[in-house]
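Visitor: I have a model open on my screen and would like to learn how to read it. Could you walk me through some features?

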2 protein chains.
Amino acid sequence: MAVNRYLEAIFMKPLVQLLAVEASPPSLQDNTGDLDRLKKTLLPLLEQEVLSVPYARTMTVAESFRRADFKGVAVVNDLVTGPELVDFLAEPPKVLAGVALDLGTTHLEATLVDLVSGEILARANRPNSQIVFGADILSRIHFAVKDDGLEQLHRVVIEDVNWLCEELAGDVGLELLDLRALSVSGNTTMVHFFLNLNPYHLCREPYIPLVNAPDPCRATDLSLAIHPAAVVWVLPSVGSYFGGDLISGILASGLDEAEHTSMLIDVGTNAEVVLGNREWLVACAGAAGPALEGGVARMGMRAGPGAIEHVSFDEKSGALHCQTIENEPAVGICGSGIIDLVAALYLGRIIDRRGKFRPEAAGDRLIETSEGTAFVVVPAEHAGGGKPVTLGQIDLDALMRSKAAMYSILTTLVNQVGVGFADIHRIFVAGAFGRHIAPRQAITLGMLPDLPIETYQPVGNSSLDGARRILLERSARNRCRQLVKKITYIELNVNQEFMLRFSGAKFIPHTDHNLFPSVPFFDD
Amino acid sequence: MAVNRYLEAIFMKPLVQLLAVEASPPSLQDNTGDLDRLKKTLLPLLEQEVLSVPYARTMTVAESFRRADFKGVAVVNDLVTGPELVDFLAEPPKVLAGVALDLGTTHLEATLVDLVSGEILARANRPNSQIVFGADILSRIHFAVKDDGLEQLHRVVIEDVNWLCEELAGDVGLELLDLRALSVSGNTTMVHFFLNLNPYHLCREPYIPLVNAPDPCRATDLSLAIHPAAVVWVLPSVGSYFGGDLISGILASGLDEAEHTSMLIDVGTNAEVVLGNREWLVACAGAAGPALEGGVARMGMRAGPGAIEHVSFDEKSGALHCQTIENEPAVGICGSGIIDLVAALYLGRIIDRRGKFRPEAAGDRLIETSEGTAFVVVPAEHAGGGKPVTLGQIDLDALMRSKAAMYSILTTLVNQVGVGFADIHRIFVAGAFGRHIAPRQAITLGMLPDLPIETYQPVGNSSLDGARRILLERSARNRCRQLVKKITYIELNVNQEFMLRFSGAKFIPHTDHNLFPSVPFFDD
């Protein structure tokens, strides 16, 4: 490892640092203790007054230092309580590796990061095995408070994380013990499970986490299979419904450092939104309804081969063009596809402003099913699996509620701080929703405000990206801590304004058409 | 517990603090997490930016805080890395208790200290159970490096400490879990055993400890039976032969804070000496020989009933007057008694300047034994146990070597820094030696320099007293850390000057009689 790579690492201040050490050996004239000698050599390099060594590492570090003839590389964790010396190696490791983890309710995603170069060396993901105990967060919380439910949920997620770490390490020819840090970005409940903390009050008014900003711990505390002294750094949350994954998103988007006001939107079952700039930050979260996630509309599905992801309306022919993932025959509709589809149906006047099918326009594509009226998007003969892909009125109603909730959340938030949508410089859209959604169609539905398209910027898995920054930059770790103090959180569950706005937003694009000048208005 | 007692505790900054907390309960308008709420309330009281919570305490602290309705007393450890929140109690405890421990090679002594008032509430002591593995430090080090020797030595001393803690707690009606801190003052090897650290290099040139200044750990790390989050604060050592017990002594004597130069002497098998003032400190340790400890001279014994502790010589009658502990019939001679006795024998001219018996003066009190010539101090008919109490020429020779070593150590040290004995304001004499020895007699023998008697000041068990200060005063903890950096340690094992001085000191009082103007000189 070249000297300048060390310097780079010191400059970025990763969560774990390597420091090259060459100490003079002990003698009768210099009887400094082995560990004291190592600390004394490191303190000026760290520019610190105090360097602590956890009890469990004392003997290993001192003996490794002596065995290496007082020359080699020290491994130092960078904590807010000061640096912590945890290991000594005779030779620099092939890679100083850390893992960034997005701890999702349904899915876990992780990257292996070279803490010196900042490079991502491997990626892995897997479903959250906790699903057997409950598909959603709420049912898992109920499971957790029974008998040893919490312990089970905790164990299962630790096993998942160990599995991911083993995958990642294996991919680049490392051992689990070579993984020296783990940063974790997840929603508040998942973090409680991960840390084995009682989630009882998370879902009970006034919705209080046991802890929002847990202190870093070590891998051994959680029985993680990576290096026992690896720091586990968990991104702080702001409340029960505003987790570290969002804080990660703020880090990744740079919202908190920008001069202009921007917004970050993360949509799953909940919509979580942050608005602000380097001066102030306001956040809220609200149930957006599951319609946007797929999986609830009967034909909805996660993005995968055969999922309809884009739908366009040909004004001339009046036909719908469906584009599927990997161009496979259609088997369902994913979240972004549903928004496209409904926008197209509105522009084609197949649905009206209230989100109801117009039989005079839909013609024989409207069929009656056991669950009510439905629209045939792709007839059986063109669909994969031999069944037609349909959109039921029930699904449409759910989407209307979701889009109304979404817009109301955004307007309530903006209104709370007295800015207008026009004042918003950027709207960062996180996650799968951000990656796949076409803002144009979401605007047509009145789900997102009618702003120039370039205002919207997808930011991918910003939860994972934020976690990577935590591994790499001390400034990101410090920002995190400052961030959570700065955020004003608005509880929408009890917000009157939100309820009023919700009613007005249940039309396409809105009861107040002036709010959406770019969207055609049909007065029927 | 009155408010002013809290204030006093805050002022002294004990190792563990209680802080009264009354937080506003959570609400929809204030969704701060439970633990975050507690920290937020404590930080201004602590005047700190960061307050950490060890992972293992996270759930307990948060849940106790909520159960107590967000009102009660927080337990905070005061560490150099910052405050550490470890518990929350609905009611202040009867006593906030800590234990100060003097971890001796042969004996363990402990006090239970009220961390708020500073009072000593109980005392306990017991022999060091490690004795079955080796009577002295060296044999235990050899035992430690075989198989699981270290583990055995460690376990036994932990059991001893647990036993003492149980005694202390029981004495004042507390539980073991009520003991919230432990400060440990011991020689370097005992500290290695206590912390389960490899002592291999302690007794091998160049005599290097694995660590001189270990970081504080928690009781749970060492399987101590006191409160698992209790801080264990071990006094730092300066080298293999200059341990934390001496640093304790410096703290207790105030040597490091005085304007005038003073000296601290601690005598056991080794003599450990520190010289200095608030500007500088120099230390050394040397084998003084076991003669002064008792137990080696065949008639020597530890101070106990029937031990001769003082001997005076009646110039008129030429008779020796022996005073025993508790005035029991004499059964042996303790350390201070031997010095008195030999001084009396010299003044009575029964021994000459070289420390040899003068048959012409001793008369029939000189007898021949299987181990050579011996002097009958108390004839069989007046002694306890029916055997005469004797002092053999061999014992006398050992004492002569010890006293010569002692004086040489002192002169070498003083000479190294270029001061004279006359520049020394105070000589603190620690431990049993300090408590029992009559400086006048030690001067007569030429063991201690010929200074005004008031220069000498016994300081009792300063090792234990220093440990108590560690529990009570942050300033003492900081002094400790500064102290060890400031001390220049001189290795006497390889010191030429020491060897030369040793020869000159093997006479009573010295070859150079001018050094001891107050001592009668007999030229034969």
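Predicted model: local features only at pLDDT ≥ 70, side-chain atom pairs only at ≥ 80, totals over all residues.

Visitor: How many aromatic pairs does a search of the whole structure find?

Guide: Over all chains, the search finds 20 aromatic pairs. A pair of aromatic rings is described by the distance of the centres and the angle of the planes. Take A:Y407 and A:F516: their centres are 5.3 Å apart and there are 50 degrees between the planes, a tilted pair.

Visitor: Where in the chain do A:Y407 and A:F516 lie?

Guide: A:Y407 belongs to helix α10 (residues 393-416) of chain A, while A:F516 is in the segment after α15 (496-504). The two are 109 residues apart, and the pair links these distant parts of the chain.

Visitor: Are A:Y407 and A:F516 buried or exposed?

Guide: Buried means under 20% relative accessible area. A:Y407 has 3%, so this residue is buried, and A:F516, at 0%, is buried too. Now turn to chain B: the rings of B:Y407 and B:F516 have centres 5.3 Å apart and planes at 50 degrees, so that pair is tilted. Both B:Y407 and B:F516 are buried.

Visitor: Which residues do ring pairs link into a cluster?

Guide: Those are A:F65, A:F70 and A:F88.

Visitor: And helices: at what angle do the axes of α2 and α3 of chain A cross?

Guide: Helix α2 (residues 34-46) and helix α3 (residues 58-67) cross at roughly 80 degrees, and their axes come within 9 Å. Angles of 65 to 115 degrees count as roughly perpendicular, so α2(A) is roughly perpendicular to α3(A). The contact is made by A:D34, A:L35, A:R37 and A:L38 from α2(A), with A:T58, A:V61, A:A62, A:F65 and A:R66 from α3(A). By type, the residues of this contact are 5 nonpolar, 1 polar and 3 charged.

Visitor: What does A:L195 touch?

Guide: Leaving out residues up to four places away in sequence, A:L195 touches A:H154, A:P214, A:C217, A:L222, A:V234 and B:Y55. A:L195 is in the loop between α6 (188-194) and β8 (217-218) of chain A and is buried, with a relative accessible area of 3%. Between A:L195 and A:C217 there are 22 residues in sequence and 9.5 Å in space, C-alpha to C-alpha.

Key:
Residues numbered from 1 in each chain as written. Chains lettered and ligands numbered in written order. Heavy atoms only, no water. Axes fitted to C-alpha atoms, helices over the stretch in contact; angles between N-to-C directions. Helix = DSSP H or I, 4+ residues; strand = E, 2+ residues; numbered from the N terminus. Parallel < 35°, antiparallel > 145°, perpendicular 65-115°, else oblique. Contact = heavy atoms within 4.5 Å. Nonpolar A, V, L, I, M, F, W, Y, C, P; charged D, E, K, R; others polar. Phe/Tyr/Trp six-rings, centres within 6.5 Å; stacked < 30°, edge-to-face > 60°. Buried < 20%, exposed > 50% of the residue type's maximum accessible area, 1.4 Å probe, protein only.
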